[in-house]
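Here is a short briefing to read alongside the model. Take a look at the sequence and the coordinates, and then we can walk through a few local details together.

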Amino acid sequence: MAVAPEAVRGGLGRRLMAAAEEWARDQGLRHVTLETGAANTTARRFYAALGYTEEGVRLTRSLDRAVQARLS
């Protein structure tokens, strides 16, 4: 989810999340699971403020040799 820069900290993100959660409840869902990048601390703080908890860490490794060479 993203909001326009001028809408940041105006409550729109909270309202969008509340609407998404209400929709999920109406569908009979009991949980909402989100994904965001580990380095996206702004999003992680936002979701934590809404009561979301971090459950795990996903690790990824590129198998592209050109990428591996740049990382070495």
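The side chains of Thr 36 and Asn 40 are joined by a polar contact of 3.4 Å. A polar contact here is a pair of N or O atoms within 3.5 Å; within protein, one must be able to donate a hydrogen and the other to accept it, and residues adjacent in sequence count only if both atoms are side-chain atoms. This is a predicted model, in which local features need pLDDT of at least 70 and side-chain atom pairs count only at pLDDT 80 or more, while totals for chains, interfaces and linings use all residues. Residues are numbered from 1 along each chain as its sequence is written, and side-chain values use heavy atoms, with hydrogens and water left out.

**Confidence**
- The protein has a mean pLDDT of 91, and 100% of its residues reach 70 or more; pLDDT is the predictor's confidence in each residue, from 0 to 100.
- Confidence is highest in helix 1, at 96, and lowest in helix 3 (residues 65-71), at a mean of 76.
- Helices are DSSP runs (H or I, at least four residues), numbered from the N terminus.

**Around Thr 36**
- Thr 36 sits in the loop between helix 1 and helix 2, and with a relative accessible area of 37% it is partly exposed.
- For accessibility, buried means under 20% relative accessible area, exposed over 50%, and partly exposed in between (1.4 Å probe, protein chains only).
- Neighbours within four places in sequence aside, Thr 36 is in contact with Ala 43 and Arg 44, where contact means heavy atoms within 4.5 Å.
- Thr 36 and Tyr 47 are 11 residues apart along the chain, and their C-alpha atoms are separated by 9.7 Å.
- Ala 39 also lies in the loop between helix 1 and helix 2, and at 74% relative accessibility Ala 39 counts as exposed.

**An aromatic cluster**
- Ring pairs link Phe 46, Tyr 47 and Tyr 52 into a cluster.
- Rings of Phe, Tyr and Trp (its six-membered ring) pair if their centres lie within 6.5 Å; planes under 30 degrees apart count as stacked, over 60 as edge-to-face and the rest as tilted.
- The count by this rule comes to 2 aromatic pairs.
- Phe 46 and Tyr 47 make an edge-to-face pair, 5.2 Å centre to centre with 65° between the planes.
- Tyr 47 and Tyr 52 are also edge-to-face, at 6.0 Å centre to centre and 70° between the planes.
- Both Tyr 47 and Tyr 52 are buried, whereas Phe 46, at 23% relative accessibility, counts as partly exposed.

**Helix 1 and its flanks**
- Helix 1 (residues 12-26) has 15 residues and reaches 21 Å from its first C-alpha to its last, close to the 21 Å expected at 1.5 Å a residue; the expected span is 1.5 Å times one less than the number of residues.
- Which residues of helix 1 are buried? They are Gly 13, Met 17 and Ala 24.
- These residues are on the same side of helix 1 because they cover an arc of only 30° around the axis, the arc being that of the directions from the helix axis to the C-beta atoms.
- What covers the buried residues of helix 1 includes helix 2 (41-49).
- Arg 15, Trp 23, Arg 25 and Asp 26 are exposed on the other side of helix 1.
- In the segment before helix 1 lies Arg 9, which has a positive phi of about 65° although it is not a glycine.
- Just after helix 1, Gly 28 takes a positive phi of about 90°.

Key. Helix = DSSP H or I, 4+ residues; strand = E, 2+ residues; numbered from the N terminus.
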